[in-house]
Amino acid sequence: MDPLLWEKGKLSLMDQRLLPTRVEYVNCTDWRCVATCIKDMVVRGAPAIGAAAAYGIALAAAEEHGDEQEFFSILTEAADGLKSTRPTAVNLAWAVERMLNVAKTQAGAGVPELTRILAMEAEAIAAEDVAVNHRIGEFGAALVPNEASILTHCNAGALATVGYGTALGVIRTAVSQNKKVSVFADETRPYLQGARLTAWELSRESIPVTLIADNMAGFLMKQKKVDLVIVGADRIAANGDVANKIGTYSVAVLAAAHNVPFYVAAPYSTFDLSLQSGEQIPIEERCETEISHFQGTRIAPEGVACYNPSFDVTPANYITAIITEYGIIAKPDTEKVTRFFREARP
Ligand code: MRU
């Protein structure tokens, strides 16, 4: 499953709006197309939009340029345009900044050389993402008992990354270790990433998955049908507060009330250590019609007010552990997160 394909200087993005009914790609040959695809959810999921934006910068670099000055002004315009598409997932800004820094450190090398270097850097970001997800999977699978029944929310799978996934990567690794696990996928209103994407991804690999409506999670926990919860993240503050798809906070509170471990799987690029707490994380609000309509059909009265925050913040005290590519941060707080990255990160 390849949500992003980079071939001969062209980026193809699997159109996730069409899944699970059709598998089609949108081909981008310039950064504006990539920005539109991120904004319109052709590509979504924090690491995937980071990698897509990195390729967007590579495409901007390949545009016709005069001198290096013009090259850098086009790069800045593309960086601003790409970063403004979605505000919550920090991987997007992280990847764009990494690309800009590489260009700046190589300034003076000439436009053709800078263009080549930036294409290579985007490919490195994409390749690293898959490797990182496998490492998260290894650390996370140690927390998954045999025969575990796992609840997940939204889609933190191969489709949300460059491949393998974070939360679903943990599940994939547990399966590869011959653990018999089964998954409950929250449908994830209003955009239905759970129903359309997670259920599709897992069933294609014959990993047992049962789809539930979001409001069923508490009842399942009460019935002792959920052994643990694993979700991904869009941004993690220095104190361990986690922004993720709207509804994650409700699941975390329910998990705490029922003594069910609640795990977050995310790479270092999802941490924003410049923010002291989750209160400071910007929350994207999306179009009201995602609430008032269902697949183009109005389901709410004409003129009713709708509110559609796309993410929420789960306070660190609800989180049993954060699983990263460097290891596990149990019961995260500011001191543990700071110490962990000071000591565990090379
Ligand atoms: O709005 P989306 O579909 O981009 O939201 C995605 C999520 O919230 C994911 O859980 C998160 O990005 C982690 S993906 C590994």
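I take axes as lines fitted to C-alpha atoms, for helices over the stretch in contact, with angles running from 0 to 180 degrees between N-to-C directions. Helices (H or I, at least four residues) and strands (E, at least two) are DSSP runs numbered from the N terminus.

I note that this is a predicted model, in which local features need pLDDT of at least 70 and side-chain atom pairs count only at pLDDT 80 or more, while totals for chains, interfaces and linings use all residues. Residues are numbered from 1 along each chain as its sequence is written, and side-chain values use heavy atoms, with hydrogens and water left out.

I looked up the helix pair H4 (residues 90-105) and H5 (residues 111-141), and found them packed at about 145° with axes 10 Å apart. Among the residues in contact (heavy atoms within 4.5 Å), H4 brings Trp 94, Arg 98 and Met 99, while H5 brings Leu 114, Glu 121 and Glu 128. The residues of this contact divide into 11 nonpolar, no polar and three charged, where Ala, Val, Leu, Ile, Met, Phe, Trp, Tyr, Cys and Pro count as nonpolar, Asp, Glu, Lys and Arg as charged, and the others, Gly among them, as polar.

I then turned to the open sheet, whose seven strands follow the order E6-E5-E4-E7-E10-E15-E16 with mixed pairing (two strands pair if DSSP finds at least two bridges between them). Its edge strands are E6 (209-212) and E16 (327-330), each pairing on one side only, and the twist averages 25° from one strand to the next.

Within the sheet, I saw that E4 (residues 149-152) and E5 (residues 182-186) run parallel and are joined by four bridges.

Last, I checked helix H11 (residues 334-344), which lies across E15 and E16 and runs at about 160° to E16.
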